[in-house]
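Q: I have a model open and would like to learn how to read its features. Could we go through it together, starting with charged residues?

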Amino acid sequence: MSRVVIAVGPGVDGQLCFTLRRAPNPPQDRQPRPFTCVVQDLPNGRPPPAPKGWVSRYGQRLWTELAQNPEVLQALQRVGGPRTVMFELQDQRTELFNWEMLCDDSGNFLALDSRPVGRIADQGRDQDSAVPQFTGTLRVTAVLSALGVPAGQEWTGVYAAVRAARERRIRVQLRVFVGEDDLYTTIEEAAKTDRDLSVALVPESAVDLRAAIREGEPHILHFFCHGAADLGQPRLQIAAPQDFERRAAGQPVGPGVVLEVGGLDAHRTLLGVWLVVLNCCEGGLAVQDVHSLANSLVAAGLPAAVGMRETIQAHAANEFSRVFYRELLTELIRLLRQPDGGEDVDIDWARLLIEPRAALVEQAQDATTSGVWTLPVLYTRFEPFRIRIPRLIERGGPSAQDRVTAGVLDGLVRRLPPDTPPEAVAELRRLAAEQLGEPA
């Protein structure tokens, strides 16, 4: 992966500065340069109607600022082929800039071409150094429940991507939690003929929801709900079934089931998760003295998170999910089919956002004036996220039936009651490993 990393943070006098941390050609000039842009002085699209071309002007102003450093300018240009541009945000003030709008002097938005843009979180906790192994079964947990916003289209888009991946011989186990009775019935009907699909109603408490998420041991955790980053703590607001009932009856409705970053981290809910997708209002927004929810998750140790910088309309959120999961699953299929298995490979999360952004541009019909395509923001750790693709899978490996059997055994183990004798659990794990030809 060819990466450019630009650090933006406070200088000696507290003024924002930037420096080139990483580039295809190792940087020689590491002297911080002043970053004189002020968020309040940059163009914006408010109030509507948005001023024509304001997105381009915003992005070009950022470009002009960064071009003060010739090495940064060279790293950002197209020379040398595709590369990912990551901004390491070392101060909360830097989180408020819309780096995704970065636009070169030819009028090309980097995030829409071969130079996708992402953000590196201000990291508080070291990431586990162990490289997770991907054996061909992807576990996805989706929580789809936003009061006042039907989740049916969100479900349709995610499930379509899952089924397409399965047709290309990658196994995806999908667990869904919903708050709407009608959607529950729809998914329950689909689960009758899909052994790798399960559905449940959103539990009534955060404690129970966290436990349900942990039980699924997801690689990908997806939320379609409401979000906020005020009151001193970024949080998700997920509607339980009783919230929909109260709303229908015209009764007052509270915030629903509230998940806070501190609670998720403290209860190890995100252990083993590769990526959290927050497809919700303000899931990526930084307000006053509070870092965004997506940023906070990564700072707490998560490898990567995608959040929305501002409120996003439901139709745009649904289109983002549909295309993003198609791109994600296609990339995992590509990695599984590499001729050289047994290697650690990078997942370039930022590159997976190119096509979803392009789909949002197509909806809005004007990338230079409508900034909706810049609303999804990606936060990662400093080092790229890596997974291990076992050589066994790439060189023939177990048969399809062996993988099915191993998957059934794995699912059985994860659903055993807490008081199951350890020796029984160990035997089931041994049998599952045997099917895949792995060490027990």
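A: Gladly! Let us start with a single side chain: Asp-113 is buried, with a relative accessible area of 15%. Do keep in mind that this is a predicted model.

Q: Which residue forms a salt bridge with Asp-113?

A: The thing to look for is a side-chain nitrogen of Lys or Arg within 4 Å of a carboxyl oxygen of Asp or Glu. Here the partner of Asp-113 is Arg-115, and the closest N and O atoms are 2.9 Å apart. Arg-115 is buried too, at a relative accessible area of 1%.

Q: How many salt bridges does a search of the whole structure find?

A: The search gives 22 salt bridges. One of them joins Arg-46 to Glu-310, with 2.6 Å between the closest N and O atoms. Arg-46 sits in the loop between β3 (33-34) and α1 (54-66), while Glu-310 sits in the loop between β14 (304-308) and α10 (314-336), so this pair ties together parts that are 264 residues apart in sequence.

Q: What about the salt bridge between Asp-196 and Arg-195?

A: Their closest N and O atoms are 3.5 Å apart. Asp-196 is buried, with a relative accessible area of 10%, whereas Arg-195 counts as exposed at 53% relative accessibility.

Q: Let us turn to strands. Which residues of β12 are on its covered face, and which on its uncovered one?

A: Follow the side chains along the strand. In β12 (residues 257-260), Val-257 and Leu-259 make up the covered face, and Val-258 and Glu-260 the uncovered one. For pairing, look at the bridges: β11 (residues 235-238) and β12 pair in the antiparallel sense over 4 bridges. In that pairing, Arg-235 stands opposite Glu-260.

Q: And the nonpolar core: which residues have the most contacts inside the largest one?

A: This core has 123 residues, and those with the most contacts inside it are Ile-6, Phe-87, Phe-223, Ile-238, Leu-332, Trp-349 and Ile-387. Its largest share, 11 residues, comes from α10.

Q: What is Phe-87 in contact with, leaving aside its neighbours within four places in sequence?

A: Phe-87 touches Ile-6, Val-8, Leu-66, Trp-99, Leu-102, Val-117, Gly-118, Arg-119 and Ile-120.

How values were computed. Residues are numbered from 1 along each chain as its sequence is written. This is a predicted model: local features need pLDDT of at least 70, side-chain atom pairs count only at pLDDT 80 or more; totals for chains, interfaces and linings use all residues. Side-chain values use heavy atoms; hydrogens and water are left out. Buried means under 20% relative accessible area, exposed over 50%, partly exposed in between (1.4 Å probe, protein chains only). Helices (H or I, at least four residues) and strands (E, at least two) are DSSP runs, numbered from the N terminus. Two strands pair if DSSP finds at least two bridges between them. A nonpolar core is a set of buried Ala, Val, Leu, Ile, Met, Phe, Trp, Tyr and Cys residues joined through side-chain atoms within 4.5 Å. Contact means heavy atoms within 4.5 Å.
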